[in-house]
Protein chains: 2
Amino acid sequence: MAPVPTAADFRAAGLRLPGPCEEWADDAGFIRGVVDRVGDKWTVLVIGTLGDGPRRYTDLQQAIPGISQRMLTLTLKHLTRDGLVERTAYPEVPPRVEYALTGLGQSLLSSVLALARWAYDHRDDIRTHRATFDRTNTA
Amino acid sequence: MAPVPTAADFRAAGLRLPGPCEEWADDAGFIRGVVDRVGDKWTVLVIGTLGDGPRRYTDLQQAIPGISQRMLTLTLKHLTRDGLVERTAYPEVPPRVEYALTGLGQSLLSSVLALARWAYDHRDDIRTHRATFDRTNTA
DNA sequence: CCGGATCCAACCCGATACTG
DNA sequence: CAGTATCGGGTTGGATCCGG
């Protein structure tokens, strides 16, 4: 499979972190904004769930254990606003609304999965480090 | 350069999202925890800055505009605990402490950069979508 | 069925002051 | 220099009730 690109890959592609991270905090602030969005409690779960195909509001709610109406609605609205998710309301009664990943959303899914894969691959390393750290620090 | 892997790549590699995202929220909760950590305000900046090489505490503080002592210390402690960052204290006076990315930390940097690259590549798409969405919604 | 509106608790984070 | 301790505002997010 295609390997997760290395930092060198990104530098080679002309995307690097400037000395002080002003570009991160600057033109970014935008990038930071995106990372924030991805990092918040539910976005990843919603995107991940929609990665399997379109879902209705209620389906999402029960596919994502623990999410509240408020947060689901809010997250979906944000994602829709950013063009990552497409909302389709069918003029029926009772109402039916489906959410699906846009092309943009699917491309983000890739990067998110890259992160998830990293976490998955290294979960034992992290757990081990935490254990040793905690033992060293609480003894 | 190596392209960002697609969702299909990950599925092919045997890493997929289970139907309901229980593995995300379950064995994960762990993955969620990692994503949370990455998503918080300063982690990305710290890792990005350390990606250029080891730095001292004070150097980090002024390389990352706006970070407070508290947050720098906290972020570094978390990263150290997870084994992403290595702390080296030199028994001198005045004290000198250096922080550096571990191998694990560098591998995470890759994924984080993947996300940053995504944000960078698609910033115009997102801005456009936001504009149209806001116009449609506030008019 | 889909979501908006409100209230309220919990936590996050910045500012400040202080220590080894 | 490299942190720790404490306080207080601001935001997040869950619960609940209500509307279309």
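Two strands pair if DSSP finds at least two bridges between them. I jotted that down before opening the model, which is a predicted one.

**Entry: the sheet in chain B.** I looked up β1(B) and found two bridges joining it to β3 (residues 96-101) of chain B, with the two strands running antiparallel. I checked who faces whom: B:R55 stands opposite B:Y99 in β3(B). Then I traced the whole sheet, which is open, has three strands and goes β1-β3-β2 in chain B with antiparallel pairing. Its edges are β1 (55-56) and β2 (85-90) of chain B, as each of them pairs on one side only.

**Entry: two helices within chain B.** Next I took helix α4 (residues 43-50) and helix α6 (residues 69-81), both of chain B, whose axes come within 10 Å and cross at roughly 70°. Angles of 65 to 115 degrees count as roughly perpendicular, so that is what I call α4(B) relative to α6(B). On the α4(B) side I noted B:T43, B:V46 and B:I47, which meet B:L72, B:T75, B:L76 and B:L79 of α6(B). I sorted the residues of this contact into five nonpolar, two polar and no charged.

**Entry: across the chains.** Last, I went to helix α3 (residues 30-39) of chain A and helix α7 (residues 103-121) of chain B; their axes come within 9 Å and cross at roughly 120°. That makes α3(A) oblique to α7(B). I logged the crossing of α3(A) and α7(B) as right-handed. From α3(A), the residues A:F30, A:I31, A:V34 and A:V38 meet B:L115, B:A116, B:W118, B:A119 and B:Y120 in α7(B). My tally for this contact of α3(A) with α7(B) reads nine nonpolar, no polar and no charged residues.

Key. Residues numbered from 1 in each chain as written. Chains lettered and ligands numbered in written order. Predicted model: local features only at pLDDT ≥ 70, side-chain atom pairs only at ≥ 80, totals over all residues. Heavy atoms only, no water. Axes fitted to C-alpha atoms, helices over the stretch in contact; angles between N-to-C directions. Helix = DSSP H or I, 4+ residues; strand = E, 2+ residues; numbered from the N terminus. Parallel < 35°, antiparallel > 145°, perpendicular 65-115°, else oblique. Contact = heavy atoms within 4.5 Å. Nonpolar A, V, L, I, M, F, W, Y, C, P; charged D, E, K, R; others polar. Left-handed = near helix turned anticlockwise from the far one by under 90°.
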